Amino acid sequence: MAFPTETVYGLGADAGNPDAVKKIFAAKGRPQDHPLIVHIADMAQMANWARNIPPSAQRLARNFWPGPLTIILQRGPGVSDLVTGGQDTVGLRVPSHPVAQALLRAFDGGIAAPSANRFGRVSATTAEHVRREFGNVIDLVLDGGASAVGIESTIVDLSGRQATLLRPGWITAEQLEEALGMPLASPDSRSPRAPGALARHYAPRTRLMLLETDLLLELAASLTRQGKRVAVLAHSVLRPILPDITWIAAPRDVSGYAHDLYANLRRLDDAGCDAILVEAPPQEAPWSAVADRLTRAATGVGESLS
Ligand code: TXA
Ligand code: MG
């Protein structure tokens, strides 16, 4: 079953039922050692899934839940290895989308859910995109409209001694540091694996290149001259006069840009061009989550970490 959240759509199963959770891996084509986030209705349910919950986790939960934040904690007894990918941690999130909230309250348990896309591909931010991604493989898609945020939750690891940012997202590192009253660490070899951090992820089928504005315009012109078909995602430059170019002018503000990002990548991919050229986003803190997704979407298969 797929359901809407404020970040992206999730492909959900009863986190307490290993047979149900197995079906998620089958549908996504996802390797079994990749852990799933357990979605819960409120912070009171944290103790059902985690143990040794530090005060910092309570603090972040109070500040940012319901909302686009996932907290990694030491796993509680009885949490399935399928959910945790065999690690001794569990990821928890309380989504704010009203449909997700209603679902979790009615279900009265944890729902394990990855983003509702095939492994490594562009996440889905509408029910229609989920249906196109999976066809008849999933029987039910709850339609809650377009996801408000548009990119996946921020992931912070609080299972060890130092709070660590594992995935940038709408809630920024600065916001977390302010709430925690201390700096976040960067992941090191002891951090829990977050395979969403794979170098290649969120990728369309068409080759995607991330380019500074001038270079993008030059390359678009030269590829077009060679008879290649080019699709462009720009946010600051106007469309040049080039024949047969697919051009999307993305919003200039980061929230609009993030909201439309995956739908835009799908449109550019569907245009069936020889290359997708994306104008590099501003190098400013609020854009870091968007820059992270674009960099991974652009990484060539040969450069993938695993
Ligand atoms: O916004 C979101 O987080 C969406 C919506 C549906 O909630 N979900 C999502 O799930 O993005 P997924 O599976 O596509 O990405 C979750 C990431 C993966 O990279 C996974 O490895 C990591 O979270 N993760 C989950 N549990 C973890 C754990 N115990 N330790 C380390 N990383 C974990
Ligand atoms: Mg995902």
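The dialogue below explains how to read several features of this predicted model.

Biologist: Which conventions apply to the numbering and to the values?

Modeller: Residues are numbered from 1 along each chain as its sequence is written, while chains are lettered from A and ligands numbered from 1 in the order in which they are written. The model is predicted, so to speak of local features requires pLDDT of at least 70, side-chain atom pairs count only at pLDDT 80 or more, and totals for chains, interfaces and linings use all residues; side-chain values use heavy atoms, with hydrogens and water left out.

Biologist: How many helices and strands does the protein have?

Modeller: Helices (H or I, at least four residues) and strands (E, at least two) are DSSP runs, numbered from the N terminus. In this protein there are ten helices and 14 strands.

Biologist: What does the radius of gyration say about the protein?

Modeller: The radius is taken over C-alpha atoms, and the globule rule is 2.2 Å times the number of residues to the power 0.38. For 306 residues, a compact globule would have a radius of gyration near 19 Å, and the protein agrees with this, having 19 Å. The C-alpha trace spans about 60 × 45 × 35 Å along the principal axes.

Biologist: What percentage of the residues is buried?

Modeller: Buried means under 20% relative accessible area, exposed over 50%, and partly exposed in between (1.4 Å probe, protein chains only). Of the 306 residues, 56% are buried.

Biologist: Into which domains is the protein divided?

Modeller: Domain bounds come from an automatic or database domain assignment. Here the division gives domain 1 (2-180) and domain 2 (208-298). The contact between them takes 21 residues from domain 1 and 16 residues from domain 2. Their C-alpha centres lie 29 Å apart.

Biologist: Which backbone features deserve attention?

Modeller: Most residues other than glycine have a negative phi, and most peptide bonds are trans. In this model, Trp65 and Pro66 are joined by a cis peptide bond, with omega about -10°. Pro66 is placed in the loop between helix 3 (55-64) and strand 6 (69-75).

Biologist: Where does Asn52 lie, and what is its phi?

Modeller: Asn52 has a positive phi, near 50°, although this residue is not a glycine. Its location is the loop between strand 5 (50-51) and helix 3. Asn52 counts as exposed because its relative accessible area is 54%.

Biologist: Is Asp244 buried or exposed?

Modeller: Asp244 has a relative accessibility of 53% and therefore counts as exposed. This residue lies in the loop between strand 12 (230-234) and strand 13 (245-249). The phi of Asp244 is also positive, near 60°.

Biologist: Is Thr89 buried or exposed?

Modeller: Thr89 is buried, since its relative accessible area is 8%. It belongs to strand 7 (residues 89-93). Not counting residues up to four places away in sequence, Thr89 touches several residues, among them Ile72, Leu73, Ser159 and Pro192.

Biologist: What surrounds Leu82?

Modeller: Leu82 is part of helix 4 (residues 81-84), and at 12% relative accessibility this residue counts as buried. Neighbours within four places in sequence aside, Leu82 is in contact with Pro18, Val21, Lys22, Phe25 and Gln32. For Leu82 and Val21, the separation in sequence is 61 residues, and the C-alpha to C-alpha distance is 7.0 Å.

Biologist: How are separation in sequence and separation in space to be compared?

Modeller: Gly181 and Ser56 are 125 residues apart in sequence, with 9.4 Å between their C-alpha atoms. Gly181 sits in the loop between helix 7 (173-180) and strand 11 (208-211), and its 62% relative accessibility makes it exposed. Ile276 and Gln87 are 189 residues apart along the chain, and their C-alpha atoms are separated by 37 Å.

Biologist: Where is Ile276, and which residues does it contact?

Modeller: Ile276 is in strand 14 (residues 275-279) and counts as buried at 0% relative accessibility. Setting aside neighbours within four places in sequence, its contacts include Pro204, Leu208, Met209, Ala231 and Leu268.

Conventions
Contact means heavy atoms within 4.5 Å.
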